[in-house]
Amino acid sequence: MRRIKLALGALLSVLLVCFSLPAVRAFAKQHGAMSDMITAAKTPADHEKLAAHYEQEARAARAKADEHKKMADAYRKAGGPLIEKLHFDQHCDALVKSYTATADEALAKAEHEAAKQTKP
């Protein structure tokens, strides 16, 4: 029985890695492009484009924070010994905090300011 559980766990791990590879590639491609955009930003339009990207990221982060807040509330409402033992609600709370910090639009504000100060 233990061998079956180990084999299933290994299979699940392999499947998880296989399914996450496209997401990892997309993430790397996007962030590679961002570093190029940052390096190449010389005009107000370049800085505004960066600001728009940061604002989009902030909106997505706020949506994720809201989603995880609802999940934490659902876990607390469901209760039970397993949820209390595994602290799912605390995991969601940590994600809410992280996504909320990410949603801070300081980078977008800084890029808008850079756009104002950069000569066309």
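This is a predicted model: local features need pLDDT of at least 70, side-chain atom pairs count only at pLDDT 80 or more; totals for chains, interfaces and linings use all residues.
A crossing of two helices is left-handed if the near helix is turned anticlockwise from the far one by less than a right angle, and right-handed if clockwise. Helix 2 and helix 5 cross in the left-handed way, and helix 2 also passes helix 4 in a left-handed crossing.

Residues are numbered from 1 along each chain as its sequence is written, and side-chain values use heavy atoms, with hydrogens and water left out.

**Overall layout**

The protein has five helices and zero strands, in the order α-α-α-α-α along the sequence. Helices (H or I, at least four residues) and strands (E, at least two) are DSSP runs, numbered from the N terminus. Of the 120 residues, 18% are buried; buried means under 20% relative accessible area, exposed over 50% and partly exposed in between (1.4 Å probe, protein chains only). A contact means heavy atoms within 4.5 Å. Among contacts with a separation of 6 or more, 66% join residues 24 or more positions apart.

**How helix 2 packs**

The table sets out two partners of helix 2 (residues 44-78).

| Pair | Angle | Axes apart |
|---|---|---|
| Helix 2 and helix 5 (residues 106-117) | about 165° | 8 Å |
| Helix 2 and helix 4 (residues 88-102) | about 160° | 8 Å |

Axes here are lines fitted to C-alpha atoms, for helices over the stretch in contact, and angles run from 0 to 180 degrees between N-to-C directions. Angles under 35 degrees count as roughly parallel, over 145 as roughly antiparallel, 65 to 115 as roughly perpendicular and the rest as oblique. Helix 2 is therefore roughly antiparallel to helix 5, and its angle to helix 4 makes that pair roughly antiparallel too.

Helix 5 meets helix 2 through Leu107, Ala108, Glu111, His112, Ala114 and Ala115, with Pro44, His47, Glu48, Leu50, Ala51, Tyr54 and Glu55 on the helix 2 side. This contact divides into eight nonpolar, two polar and three charged residues. Histidine 47 is buried, with a relative accessible area of 11%. Not counting residues up to four places away in sequence, histidine 47 touches Ala41, Glu111, Ala114, Ala115 and Thr118.

**The nonpolar core**

In soluble globular proteins, nonpolar side chains tend to be buried together. The largest nonpolar core in this model has five residues, namely Met34, Ala41, Leu50, Tyr54 and Ala108. Such a core is a set of buried Ala, Val, Leu, Ile, Met, Phe, Trp, Tyr and Cys residues joined through side-chain atoms within 4.5 Å. Leaving aside residues up to four places away in sequence, alanine 108 touches Ala51, Tyr54 and Glu55.

Isoleucine 38, in helix 1 (residues 2-40), is partly exposed, with a relative accessible area of 44%. Beyond its neighbours within four places in sequence, isoleucine 38 is in contact with Leu50 and Tyr54.

Technical notes:
Ala, Val, Leu, Ile, Met, Phe, Trp, Tyr, Cys and Pro count as nonpolar, Asp, Glu, Lys and Arg as charged, and the others, Gly among them, as polar.
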